[in-house]
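These are my notebook entries on a two-chain model. I looked up how its parts touch, pair and cross.

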Amino acid sequence: MASVAMVVNGKSITREVEGHTLLVDFLRDDLRLTGTHVGCDTSQCGACVVHVNGQSVKACAMFAIEADGADVATIEGQANKDGSLNVIQQAFQDHHGLQCGFCTPGMVMTAAALLKENPKPTEAEVRSYLEGNICRCTGYHNIVKAIMAASGQDVTAIAAE
Amino acid sequence: MPKDTGIGASDKRREDIRFLTGAGHYTDDIKHYGATTAIFCRSTVANGIIKSIDTSAAEAMPGVLAIFTGADFADVGGNPAGWLINSRDGTPMKEPKRPVLAHGKVRHVGDAYAAVIAETELQARNAAEAIVAEIEELPAIVDMAAALAGDAFVHDEIGTNQCFDWGWIEDNRAATDAAIKAAPHVTTLELVNNRLVPNAMEPRCSIGSYDAGNDSYILQTTSQNPHLTRLLISAFVMGIPENKLTVIAPDVGGGFGSKIYHYGEEALVLAAARKIGRPVKWTADRTEAFLTDAHGRDHVTKIELACEKDGTFIAFRTETMANVGAYLSNFSTATPTFLHGTLMAGNYTVPNVYVNVKAVFTNTAPVDAYRGAGRPEATYSIERVIDKAARELGIDPIAIRRKNFVKPDQYPFTSAAGLEYDSGNYDALMDTLEKHIDRDGFAVRRKASEARGMLRGLGLNAYIEACGIAPSNLVGVLGSRVGLYDAATVRVNATGNLSVMVGAHSHGQGHETVFPQIVGEMLGIDPASIDIVHGDTSKIPFGMGTYGSRSLAVCGSAMVRATEKIIAKAKKIAAHMLEASADDVDFKDGQFTVKGTDKSVSFGEVALKAYIPHNFPIEDIEPGLEETAFYDPANFTYPSGAYACEVEVDPDTGKVRVDRFVAVDDFGNIMNPMIVTGQVHGGLGQGIGQALLEGARYDDDGQLLSASYMDYTMPRADDLPFYTVDHANGTPCTHNPLGVKGCGEAGAIGSPPTIVNAVVDALQSAGKNVTHIDMPLTPLRVWDAMQNA
């Protein structure tokens with residue numbers, strides 16, 4: 001067991017963890033932040049994307065001890081201070097960018113990273129950036145639309161709903 | 001104009017809030033006090049005799065609480081097929097037992113033969129690795145034709161690999177054969193409907209708990225239909241009385257069919273929880289999902305279309321081999337038969353249809369209903385052979401379809417495959433499609449593509465499907481062992497808000513938003529004051545679950561009927577309060593009013609009176625305001641559509657890009673256009689995935705080569721275009737109260753032939769005589785087809 005300390009969603013925490021504990025399991029099992037999901041075992045699906053020191057990271061692809069001293073952000077910390085949905089979350093609701101909701105936390109975290117790097121992405125740029133996030137429900141149409149809308153672009157020309 | 005509220009409004013989804021903030025509760029998010037972990041030992045060979053299983057080393061390992069093998073379940077029941085199919089000779093299908101854990105033999109890679117329960121996942125995994133199973137590997141039976149011809153069997157006790165040899169409609173066989181023999185033109189096509197893995201993003205997960213004090217069990221599980229799971233476990237597999245078993249499906253991360261079925265892991269965690277007296281959780285990893293979730297499709301088909309020289313259809317004749325895998329999953333026998341064969345007349349007035357389906361056991365994962373379930377297979381065969389026939393006869397692909405469409409004045413129309421279509425207007429759908437696709441501009445777009453060295457193709461398609469599954473009487477005659485009604489309870493609480501308990505389960509479909517829109521409009525109250533309760537057998541009267549695009553058409557109808565009963569009773573209470581006869585009371589916009597007066601009480605006042613029955617006609621009316629309805633549909637519903645797409649093919653690489661896709665659908669009346677459109681998008685994503693990317697591949701040894709996201713090509717955002725979706729002008733279903741048909745599967749049914757038709761069109765434009773390519777149309781397959789043409 002090793003001691004890890006990190007800031008998660010603005011809160012400092014310290015825990016004892018096994019060396020082999022993945023960050024995603026640490027978040028889910030130790031901190032009970034179950035919004036970060038596990039959808040595969042090969043780091044392909046992106047349901048576990050969180051931010052570590054501002055970078056989007058698949059939390060299944062790093063150990064918890066590697067996040068020692070890091071600033072970690074998960075889906076649970078994304079809403080506005082008053083509890084309302086942030087711009088990206090709201091755009092996902094407004095444009096029906098989610099169905100079963102399982103990939104959604106990873107999508108929102110990836111979208112946040114994209115818009116930080118590229119505040120006005122084109123459709124092609126959004127689609128390309130989502131290469132590490134799989135959604136089985138939406139056919140991606142409304143996810144791409146929601147992310148473009150969240151960037152402040154007019155999406156009314158994009159076909160119905 | 002779309003409405004702002006109530007039925008037909010695009011209300012935003014209320015369930016989104018919890019999913020967007022990480023506050024959903026999926027099964028794996030649940031952590032019980034004292035919980036333990038189950039890990040399964042799975043066969044690494046496709047076919048083998050279990051000679052021995054030595055668990056002694058594992059039993060001595062730290063944290064191990066219990067170990068199970070097939071022997072522990074030898075005396076309990078098997079997981080049954082829900083549908084009895086009779087072969088053409090009248091004999092019933094072969095039904096080998098599907099045990100909780102493999103016993104005696106393993107029959108596919110991933111088949112579980114032992115399970116370890118331990119304090120932690122790591123301890124369980126380590127112990128599972130210490131179990132020594134001596135398994136004598138046998139040659140794998142993988143290819144269907146070889147399975148039928150060979151003398152080695154997946155299940156030795158049945159002495160054949162053929163589950164059934166089914167004819168539909170057998171009495172039409174001779175007439176169809178004669179019609180084809182005499183026809184001026186016959187187009188023949190051999191095709192493969194590729195095997196798919198449903199791949200809901202949430203892997204399966206089950207938690208079993210046992211309460212010794214009450215001798216009762218709770219199963220929390222990733223299910224599309226908790227009541228069906230309870231019924232299967234109670235009546236067939238474990239014999240736990242239904243009143244002693246609660247099945248809860250909390251938030252479920254997609255299903256697409258794969259979570260309809262009961263799986264052995266669910267029974268195992270219940271048995272283990274009882275044995276050790278603590279909760280037992282199993283969570284599949286993705287590899288297990290690939291190896292053990294029921295797969296979809298996997299048909300090998302020959303279809304013939306006989307027609308006149310002018311394109312008038314005379315007959316469809318189909319011979320299909322359908323893979324059922326190593327064991328019969330719950331709907332596996334219905335999918336290639338009554339969800340496929342009965343649709344083989346398509347949208348057409350063709351007088352002769354005959355379908356022969358041979359279901360084949362192989363050493364592969366079970367195959368069952370996956371989004372569309374039989375109907376994509378039917379549509380693909382029909383619409384591909386029509387496209388080929390049109391090309392051979394030199395007839396426009398839209399014209400040949402229009403020539404044979406059932407016309408609006410022919411409803412109700414009994415198809416040559418025996419279904420009675422109640423409503424539709426296929427020409428109107430095609431009219432709308434033609435408005436969207438700018439067909440006149442296609443030649444210009446094709447030239448522009450060619451100028452860039454690309455080939456452009458236009459693919460067209462029409463489909464019909466049977467949804468709203470299903471009228472119990474009819475399916476009973478056809479072999480179903482269950483009824484396919486649904487149920488709802490509407491509970492008006494004393495303070496006027498509502499809990500509506502529904503048998504359908506929502507795992508992405510948005511029931512929590514849409515169902516209150518309907519009840520709210522019927523009662524004239526704010527939908528926000530209505531909550532849907534689903535997924536818990538202890539709270540809900542009954543339900544057959546969510547699949548076959550049935551939730552709204554069947555369960556929604558039950559909910560409407562229960563709400564009508566609420567209104568009827570509330571009217572009586574209101575009449576008493578208003579000192580009038582119930583016949584003189586009108587109900588509108590949430591107010592009960594005595595006709596011709598201004599005397600009125602609100603729905604909320606009536607609700608309060610029902611629960612505080614002072615000055616209440618207690619001898620005539622019971623207190624309380626809660627009603628239940630079961631609804632059994634009179635017929636299937638028949639959504640239909642017309643789809644088109646344009647693709648670009650790179651002739652140097654064979655790479656296909658979908659440039660545009662238009663889906664025009666008739667779903668009957670629309671309750672929430674935003675959600676319906678989203679359902680179509682999702683279906684299109686999966687259908688285009690089938691056409692271009694996805695394929696589950698077993699090698700000759702029965703090893704699944706595509707068992708991870710690095711090997712199985714899931715559609716990603718940059719594989720797919722924006723879609724144009726139009727469902728504005730449906731023809732209402734004639735036999736359910738909302739006039740709805742169902743929208744969940746259409747996109748996956750209509751899109752695969754559209755894509756393949758477009759690619760063939762593109763290649764033909766380059767002078768390549770390519771008439772068919774089997775899905776998925778990978779660059780290699782397309783390039784090969786071009787080189788060999």
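Predicted model: local features only at pLDDT ≥ 70, side-chain atom pairs only at ≥ 80, totals over all residues.

**Entry 1. Domains 2 and 3 of chain B**

The C-alpha centres of domain 2 and domain 3 of chain B are 40 Å apart.

For the bounds, I consulted the domain assignment. It divides chain B into domain 1 (31-138 + 201-254 + 259-292), domain 2 (299-470 + 635-788) and domain 3 (485-631).

**Entry 2. Helices H14 and H15 of chain B**

I next looked up helix H14 (residues 511-523) and helix H15 (residues 551-578) of chain B, whose axes come within 11 Å and cross at roughly 35°. I recorded the crossing of H14(B) and H15(B) as right-handed. Which residues meet here? H14(B) brings His511(B), Phe515(B), Ile518(B), Val519(B), Met522(B) and Leu523(B), and H15(B) brings Ser551(B), Gly556(B), Met559(B), Val560(B) and Thr563(B). By class, I have 7 nonpolar and 4 polar residues in this contact, with no charged ones.

**Entry 3. Two hairpins of chain B**

I then followed strand E22 (residues 585-588) of chain B, which pairs with strand E23 (residues 591-594) of chain B in the antiparallel sense over 4 bridges. Lys588(B) has Gln591(B) in E23(B) as its bridge partner. In this hairpin, 2 residues lie between the strands, and Asp589(B) has a positive phi near 50°.

E23(B) also runs antiparallel to strand E24 (residues 600-602) of chain B, joined to it by 3 bridges. I noted Ser600(B) in E24(B) as the bridge partner of Thr593(B). The hairpin of E23(B) and E24(B) has 5 residues between its strands, and Gly596(B) there takes a positive phi near 75°.

**Entry 4. The seven-stranded sheet of chain B**

I traced an open sheet of 7 strands in chain B, with mixed pairing and the order E3-E5-E1-E12-E9-E10-E11. Which strands are at the edges? They are strand E3 (64-69) and strand E11 (245-248) of chain B, each of which pairs on one side only. On average, neighbouring strands of this sheet are turned by 20° against each other, direction ignored.

Strand E9 (residues 205-211) of chain B and strand E12 (residues 280-283) of chain B are antiparallel and share 4 bridges. Ile207(B) has Lys281(B) in E12(B) as its bridge partner.

Helix H7 (residues 264-276) of chain B packs on the sheet, where I found it touching strand E1 (36-42), E3, strand E5 (112-118), E9, E10 and E12 of chain B. The direction of H7(B) makes about 30° with that of E9(B). Helix H6 (residues 226-237) of chain B lies across strand E10 (216-221) and E11 of chain B, and runs at about 145° to E11(B).

**Entry 5. Helices H9 and H10 of chain B**

I looked up helix H9 (residues 375-393) and helix H10 (residues 397-404) of chain B: their axes come within 9 Å and cross at roughly 115°. From H9(B), Ile386(B), Asp387(B), Ala389(B) and Ala390(B) meet Pro397(B), Ile400(B) and Arg401(B) of H10(B). I counted the residues of this contact as 5 nonpolar and 2 charged, with no polar ones.

I turned to chain A, which the domain assignment splits into domain 1 (2-77) and domain 2 (87-150). Their C-alpha centres are separated by 21 Å. The contact draws 14 residues from domain 1 of chain A and 11 residues from domain 2 of chain A. What gives the most to the domain 1 side? Strand E3 (residues 49-52) of chain A does, with 3 residues. I classed the domain 1 side as 6 nonpolar and 8 polar residues, with no charged ones.

Last, I checked the contact between the chains: 47 residues of chain A touch 48 residues of chain B. On the chain A side, the elements that give two or more residues are helix H2 (87-94), helix H3 (104-117), helix H4 (123-129) and helix H5 (141-150) of chain A. I recorded this side as having 23 nonpolar, 17 polar and 7 charged residues.

Conventions: Residues numbered from 1 in each chain as written. Chains lettered and ligands numbered in written order. Contact = placed C-beta atoms within 7 Å. Nonpolar A, V, L, I, M, F, W, Y, C, P; charged D, E, K, R; others polar. Pairing = 2+ DSSP bridges. Axes fitted to C-alpha atoms, helices over the stretch in contact; angles between N-to-C directions. Domains from an automatic or database assignment. Left-handed = near helix turned anticlockwise from the far one by under 90°.
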